[in-house]
Amino acid sequence: MKIATFNINNVNRRLPNLLAWLERAGPDVVCLQELKAAPADFPATAIETAGYACLWEGQRTWNGVAILARGRTPIPTRYSLPGDPSDTQARYIEAAVAGILIACIYLPNGNPQPGPKFNYKLAWFDRLIDHGRDLLAADAPAILAGDFNVAPTALDIYPTKSWDNDALVQPQSRAAYRRLLGQGWTDAVRTMHPGEPMYTFWDYKRDRWRRDAGLRLDHLLLSPAVSSRLAGAGVDRWVRGEEGASDHAPAWVELV
């Protein structure tokens, strides 16, 4: 079973890229982020024609998340992250697929920092940590997959000082990620590739794709009940090099 996460950066604009990747890579489950589409504008028909049932929480501007499943129907369990009923940003959706609870995550970027957006990022991270603890306490086979908007260590960003003030690499952001892992989640891509950068994001500016000036922001975290099934993990870098590509590439895990 192959499960992937992909920040699509506008699902309608990148629909040809998405469909080409689905056909070539053949993932069984896909978590999409940054749909940039209102609920009624999500291209469900085209995706279903490609063989994938869809579950989505759309929103204009920068948000929106979706779960796609090939040959299966995802059973929704949550359309938002618990802990703050006033939060209306579409950043979390959760569903059961083939006996696994799949959480699709689009964690706030947090820039500029310091400030309200960074405070929101850290508060959202705290809520995710609380929910992750509840999932583990229930002994649920679960995967937290998505764009976490954090490069966890120096290995997860190309050698540079230009990002030093960015929310993606702040000590508070990295500490929150470590606290989440400390509950017992397995960072699948880093576990399978302990010494490689495994970038998933290359900014459009400053020729960063050609220079491989990337960051690893997209993660798949496995609960203990799933991590024992981990057989492979990687990043489909070729997707970032296609015409009209998102600034992210899909990351994925394979389970046996």
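In which sense, parallel or antiparallel, do strand E6 and strand E7 pair, and over how many bridges? Select residues 92–97 (strand E6) and residues 100–106 (strand E7): the two pair in the antiparallel sense over six bridges. Helices (H or I, at least four residues) and strands (E, at least two) are DSSP runs, numbered from the N terminus, and two strands pair if DSSP finds at least two bridges between them.

The model is predicted: local features need pLDDT of at least 70, side-chain atom pairs count only at pLDDT 80 or more, and totals for chains, interfaces and linings use all residues. Residues are numbered from 1 along each chain as its sequence is written, and side-chain values use heavy atoms, with hydrogens and water left out.

**The sheet around E6 and E7**

Select Ile93 next; its bridge partner in E7 is Cys104. Now widen the selection to the open sheet of six strands, ordered E5-E6-E7-E8-E10-E9 with mixed pairing. Strand E5 (75–78) and strand E9 (186–187) are its edge strands, each pairing on one side only. Contact here means heavy atoms within 4.5 Å; axes are lines fitted to C-alpha atoms, for helices over the stretch in contact, and angles run from 0 to 180 degrees between N-to-C directions.

Proceed to the loop between E7 and helix H3 (116–137), where Pro112 is found. The peptide bond from Asn111 to Pro112 is cis, with omega near -5 degrees. Pro114 lies in the loop between E7 and H3 as well, and the bond from Gln113 to Pro114 is cis with omega near 0 degrees. Most peptide bonds are trans.

**The largest pocket**

Select Tyr106, Asn109, Gly110, Asn111 and Asn149, the closest to the centre of the largest pocket among its 33 lining residues. The volume of this pocket is about 770 Å³. On a 1 Å grid over the protein atoms alone, a pocket is an open set of points where a 1.4 Å probe fits, with protein on both sides within 12 Å along at least five of seven lines; lining residues have an atom within 4 Å of a point.

**The other sheet**

Turn to the open sheet of six strands in the order E3-E4-E2-E1-E12-E11, whose pairing is mixed. Strand E3 (52–57) and strand E11 (230–235) each have a single partner strand, so one side of each is left without a neighbour in the sheet. Within this sheet, select residues 2–7 (E1) and residues 29–33 (E2), which run parallel and are joined by five bridges. Ala4 stands opposite Val30 in E2. Helix H1 (residues 15–25) lies across E1, E2, E3 and strand E4 (65–70), at about 160 degrees to E1. In the loop between E1 and H1, select Asn10; this residue has a positive phi of about 95 degrees although it is not a glycine.

**An aromatic pair**

Finish with Phe42 and Trp56, a stacked aromatic pair at 4.6 Å centre to centre, with 20 degrees between the planes. Rings of Phe, Tyr and Trp (its six-membered ring) pair if their centres lie within 6.5 Å, and planes under 30 degrees apart count as stacked. Phe42 is in the loop between E2 and helix H2 (44–49), and Trp56 is in strand E3, 14 residues apart.

Terms used: Grid points are joined across faces, edges and corners, and a volume is the space filled by probe spheres set on the points. Rings of Phe, Tyr and Trp (its six-membered ring) pair if their centres lie within 6.5 Å; planes under 30 degrees apart count as stacked, over 60 as edge-to-face and the rest as tilted.
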